[in-house]
Every structure is written in structure tokens, then in C-alpha cells.
Amino acid sequence: MENQFGCQQIDTKIKEALEKNDQNLAVAKIQEYLDKDQNVPLNIAVTGETGSGKSTFVNAIRGIDNKDEKAARTGCVETTMEVTPYLHPNYPNVTFWDLPGIGTNNYPAAEYLKKVGFEKFDFFIIISADRFRENDVKLAKEIQKMEKKFYFIRSKIDDNIRNEKRSQREFNEERTLIQIRNNCIQGLQDLGLQSPQVFLVSSFDLTLYDFPLLVETLKEELPELKKEAFLLAMPNISLDMIKEKKKTFKAKVKYFATLSAAVGAVPVPGVSVAVDTTLLFGVVTKYVLGFGLDIPSLKRMANYSGVPYEELKKVIKSTLIAVKVTPELLLRLLVQFGSLAALLAAEEGSRFIPIIGIPVSMGLSFTFTYSSLNTILDMLADDAEKVFTRVHLNTTG
Ligand code: GDP
């Protein structure tokens, strides 16, 4: 509801500005509203003993293969002795912090948190590859005292499943998972932590086990303003997640359409309307990055999944991807949309005209931009689904 309320408020402000014929004010209001969401910082702390799988997890969640250059260092020796930030490749406002395990040093939990600069973290992930220790519980309790949240991850679940499969005649995956989860929870309770939540994860395939539930839980529990940054920075772990990203982008299309029509709109050759193509280019680039369809992301996905890059390129239909997106390319696409967009525009986009108070002079540009962005968004989401399905088919055999 908070979101909807926020939207109504901004719609009213834009309408008031446009009714006074103050397009600059309308533009400033929209820009302020859009910037607020886009630049919000998100800092995620990941802690656990050496060898627990922290670096591999930090890489996987950023869609980076352990062998990639930018990857967090991994290995069985003591590699993470200090607090190391790892930026998200497509969202520099989202940072994962690899923290040394609390047992690695002799600091008490409170001092450890002070040393790592706990204030900046939005939440903590505590990872273990087996049972959680007393130190993990001490740390969790201290994090709670500081009014921050923590989540336990039991890593390398694929190893357990493989071993159980080998050793048990009547292997049942679901039963094994419940057993591991319950053991972890019981262990934490025995150490004095009430109702802990433990998520079972394999960093080698985040679509499996409890990672999707972890993402859902975090999204629910993050403040409203940070939810979007978090969602867009997550790898595409399901078709539903791609749909949700699309919905998030869709909710903003009317604002970009208003901006594009209001800010120095220029006629598009071959189309009888004026739109701001530079602005559109910026928006479309954000869609491409959010769906992980830019060339570097696709290459990382190829490395990570083992599906060759050329194969991934083959499933993609949009002309906007797998080659570098340029304003010229976008322009050519907009011209193709010319007549189609005009048809769609009349029906769909025009309902926002009275809501936001778009003046008649801007109406056509608004509806053209509105339907062009929606059409592009549909195409890109479709491609993201195809890439996901192709990769997932590969990882599940
Ligand atoms: P860190 O010291 O906590 O950063 O741990 P690393 O990420 O370097 O991982 C230690 C070892 O565990 C490496 O050999 C990883 O390949 C392996 N590992 C990490 N995560 C997983 C996982 O989810 N499944 C399996 N099977 N191995 C993992």
C-alpha cells in the first residue's frame, strides 16, 4: 500500500505542475521520484569461517563465476582476513561485503561488529558448511541488539545431497533437506537462539533448495525503499522473478514517458511524434542490465552455467541485445514501432493522460513513448525468460 500511496502522491504533484503549465517543475518532481529509488545504497554483509563458501556465494549471487577476474577470491586456505567489498557488476549501489568469520579472530561479538563497521550493513548473512557454532550465535545476538537483521545460510547442500544419495538405499531428497534444516535449527536453539531461520543453499545452483525463499524473505523484510534495488540486483532464479522485475519496470513507464515528452522532445525521423531518444536509450539500457541481458552479463552467465555464449545469443529474439545497444539502434526500432505504437498508444497509455494531467500538446509523444517502452520491455522480458529456460535446462540436465 505504501508504494501505491507514494505513486498517488507523485501523480498529484506532477498533475498540479502540468496544470500550471510548469513543465520544468513536473520534470523535477519525476526526476526526484525516480532518482530516490535508483540510487539507494544496499550493503549486504556475508560472514562465516574460512572455507564455509562465503566467496563462492558472493560470486554466485552477483552472477560471477569463481574463475572470473572480478570474482571474490576462493580457495581452502585463509583468503579473507579483512572486510572486502564486492560491487554488483550492474548495480554499483549494491555491495556485498565479505567479512572474516568471527572465530578467525579473538574479538568479542560486540567489538567484532564495531571493527567491521556494522552500521552500514542492511543485513547480515552468517554462513556455515556444517553446524553453526557458539560464536555464530553470539554474533547473531549482538546483531539483534544493534537492531539489525541476520539470516543463517547452511552452504554446500549439493554435497550433502550427493553423499546421502550414495549412502542411503531409500534416498528421499525432501526428507534429507528437512533433516539438515532441523539439525541446524535445533543446534542454534540449544545454543540459546529462539526461532532461528536457516536457509539451505548451494552456490553452484541458486535456483535450488532455499535460495528462492531467502530472496522472498529478504524482500519482505527490507524497507520499502530498498526492495527494488534488491530485486533488480538479484540473479534471475525463476520465471516469476523475471515477471516481477518486469512489473517493477512497468510501474515506472508512465513517468519516463512523461519525462521523455516534456524534456526537449525531438521529432524522430520517420515517426510523426517527438520523443527524447537519449532518455529512452537510458531507460532501455536499465532494462537490459536489470534482466542481465547485456553482453558482459550474458558472457558471465555462459561461464557460470556452462552454456556457450553463442548458444545463449541464439535464443534471444530482440535486436537490442547481444550486440551493443546504441541510440541509433533504438531509433531504428522506434521507427519500426511507429504505426504499431500509435495503435496501442491510443488504448493503453492514454488512460494516464488525465491521471497525470498531460497537456494535449504532449499527448502523442507521451503515448508513443509509453507504448514503445512497454513493447521493448515485453520483448526483453521474453528474452530473459528464454535465456533462463535455456540455462536451467542445462543445469538440471
Ligand atoms: P570462503 O573461504 O568462505 O570464502 O570459502 P570459498 O568460497 O573459497 O569456498 C571454499 C571451498 O568450498 C571451495 O573449494 C568452493 O568451491 C567450495 N564451495 C563453496 N560453495 C559451495 C557449494 O555451494 N557447493 C559445493 N559443493 N562446494 C562449494
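Student: Which exposed residues does the face of α4 turned away from its buried side carry?
Tutor: That face carries K114 and K115. The model is a predicted one. Exposed here requires over 50% relative accessible area.

Student: Which residues of α4 are buried, and what puts them on the same side of the helix?
Tutor: A109, Y112, L113 and V116 are the buried residues in α4. Around the axis they span an arc of only 95°, so they sit on the same side of α4. Their cover includes β1 (42–48), β3 (94–99), β4 (123–128) and α5.

Student: What follows α4?
Tutor: G117 follows α4, and the phi of G117 is positive, near 70°.

Student: Why is α4 called roughly perpendicular to α5?
Tutor: Helix α4 (residues 109–116) and helix α5 (residues 134–145) pack at about 65°, their axes being 9 Å apart. Angles of 65 to 115 degrees count as roughly perpendicular, and α4 is therefore given that description relative to α5. The crossing of α4 past α5 is right-handed.

Student: Which residues meet where α4 packs on α5, and how do they divide by class?
Tutor: From α4 come A109, A110, Y112 and L113, which meet K138, L139, E142 and I143 of α5. By class, this contact has six nonpolar residues, two charged ones and no polar ones.

Student: Why is α9 called oblique to α10?
Tutor: The axes of α9 and helix α10 (residues 239–262) come within 10 Å and cross at roughly 130°. Roughly perpendicular ends at 115 degrees and roughly antiparallel applies over 145. The crossing angle of roughly 130° therefore makes α9 oblique to α10. In handedness, α9 passes α10 in a left-handed crossing.

Student: Which residues form the contact of α9 with α10, and into which classes do they divide?
Tutor: E228, L231 and L232 in α9 meet M241, E244, K245, T248, F249 and K252 in α10. The contact divides into four nonpolar, one polar and four charged residues.

Student: What makes α9 count as mostly covered?
Tutor: Helix α9 (residues 224–233) has ten residues, and eight of them are buried. The buried ones are K226, K227, E228, A229, F230, L231, L232 and A233.

Student: How do you know that the buried residues of α6 line one face?
Tutor: In helix α6 (residues 157–167), the buried residues are I157, D158 and I161. Seen down the axis, they fall within an arc of 105°, so they line one face of α6. They pack against β5 (149–154), α7 (173–190) and β6 (198–200). On the face turned away from this buried side, α6 carries the exposed residues R166 and S167.

Student: Why does T217 count as buried?
Tutor: The cut-off for buried is under 20% relative accessible area. T217 has 10% relative accessibility, so T217 counts as buried. T217 lies in helix α8 (residues 211–221). Leaving out residues up to four places away in sequence, T217 touches Y151, Q197 and F199.

Student: How many helices and strands does the protein have, and what share of its residues count as buried?
Tutor: The secondary structure comes to 16 helices and eight strands. Of the 397 residues, 51% count as buried.

Student: Among contacts between residues at least 6 apart in sequence, what share join residues at least 24 apart?
Tutor: The share is 68% of those contacts.

How values were computed: Residues numbered from 1 in each chain as written. Predicted model: local features only at pLDDT ≥ 70, side-chain atom pairs only at ≥ 80, totals over all residues. Heavy atoms only, no water. Axes fitted to C-alpha atoms, helices over the stretch in contact; angles between N-to-C directions. Helix = DSSP H or I, 4+ residues; strand = E, 2+ residues; numbered from the N terminus. Parallel < 35°, antiparallel > 145°, perpendicular 65-115°, else oblique. Left-handed = near helix turned anticlockwise from the far one by under 90°. Contact = heavy atoms within 4.5 Å. Nonpolar A, V, L, I, M, F, W, Y, C, P; charged D, E, K, R; others polar. Buried < 20%, exposed > 50% of the residue type's maximum accessible area, 1.4 Å probe, protein only. Arc of directions from axis to C-beta.
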